[in-house]
Amino acid sequence: MLSAKNIVKYYGKNCAVDNLSFEVKNGEIFGLLGENGAGKTTTFRIIMGLLDSDSGSVLLDGKKIDYSLTDKIGFLTEERSLLTKMTVKEQIIFYGSLKGMEEEEILKKLDDLLKEFEILEYKNRKIKELSKGNQQKIQFIAAIINDPKLLILDEPFTGLDPINVELFKNHIRKLQKKGCSIIFSSHQMEHIEEFCEKLVILVKGKSILEGYIKDIKKEYRKKNIFIKGNIDIDEIKKVSGVIDVIKNIDDYTVKIESDEVVSKVFKKISKCNITKFLVEEASLNEIFISKVGEAK
């Protein structure tokens, strides 16, 4: 388990991380979210032992993270961190050896992972000769070659098409089943909703929202009604508790303040020719925009 308690980090007078605390249990995928410059990268570097916090602590299985523990951590950075003149094989041997692995073990795992990600034929190709998507696969392989106890994924699906996103997702779930603690950061909220049970949202280094996603959605009272049919937008907008009505390609989204408004909207359209009336919780994307906006 990863435990971060009361982390504080200043760059000069700028507080990059402000008293941040969270836990990631074994086999749990945890979302660390925020706009660019919110403090996520600094937090990752502190967890990795690349930066010292000014106060607070980070423990992995009850131990302070230092060079004796970093071999158990994998980190997929948002930026490309590959040595492009190396071949795939040379690159992974290099990264694996930094994690204390023997070359024979590295090569066996490399072959298995290249097959899984359908790029075995690129084993002896130079990194610079690969597409952006295939470079991302190699970067991911480099992060997981050591079967990490803790894995940090910063925008892991960058440059990937939907088929390859699924390959990544399948392997992330495999690692989760093995008990790997995973910190997941992405601006694509649908991926956070799919993977994470818990999250923290940062604004200027400070947590403004944290907890289980299901509880966060429940407490955020606003809902969406999706309606398909012949309706009068202006009449629905007059209903008390309706925030907005948005016309989509083939249906309408009615944004409402709470569950109590659902019956009012339904009554208003009951005599119309309706083929869909679906009530859903607000998306994590809506909640993120709302909460970050409020914090600013």
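In which strand is T253 found? In this predicted model, T253 lies in strand β13, which spans residues 252-256. T253 is buried, because its relative accessibility of 8% falls under the 20% cut-off. Its side chain makes a polar contact with the side chain of N248, at 2.8 Å. Leaving aside residues up to four places away in sequence, T253 touches N224, I225 and F226, as well as D244, V245, I246 and N248.

Strand β1 (residues 2-11) pairs with strand β4 (residues 55-60). The pairing is antiparallel and runs over five bridges. Within it, S3 has L59 of β4 as its bridge partner. Strand β4 also pairs with strand β5 (residues 63-64). These two strands run antiparallel and are joined by two bridges. Here L60 stands opposite K63 of β5. Strands β4 and β5 form a hairpin with two residues between them. In this hairpin, D61 takes a positive phi near 55°.

Helix α2 covers residues 88-98. Its buried residues are V88, Q91, I92, I93 and G96. An α-helix has 3.6 residues a turn, so residues three or four places apart point the same way. Just after α2, G100 adopts a positive phi of about 80°.

Notes:
Residues are numbered from 1 along each chain as its sequence is written. This is a predicted model: local features need pLDDT of at least 70, side-chain atom pairs count only at pLDDT 80 or more; totals for chains, interfaces and linings use all residues. Side-chain values use heavy atoms; hydrogens and water are left out. Helices (H or I, at least four residues) and strands (E, at least two) are DSSP runs, numbered from the N terminus. Buried means under 20% relative accessible area, exposed over 50%, partly exposed in between (1.4 Å probe, protein chains only). A polar contact is a pair of N or O atoms within 3.5 Å; within protein, one must be able to donate a hydrogen and the other to accept it, and residues adjacent in sequence count only if both atoms are side-chain atoms. Contact means heavy atoms within 4.5 Å. Two strands pair if DSSP finds at least two bridges between them.
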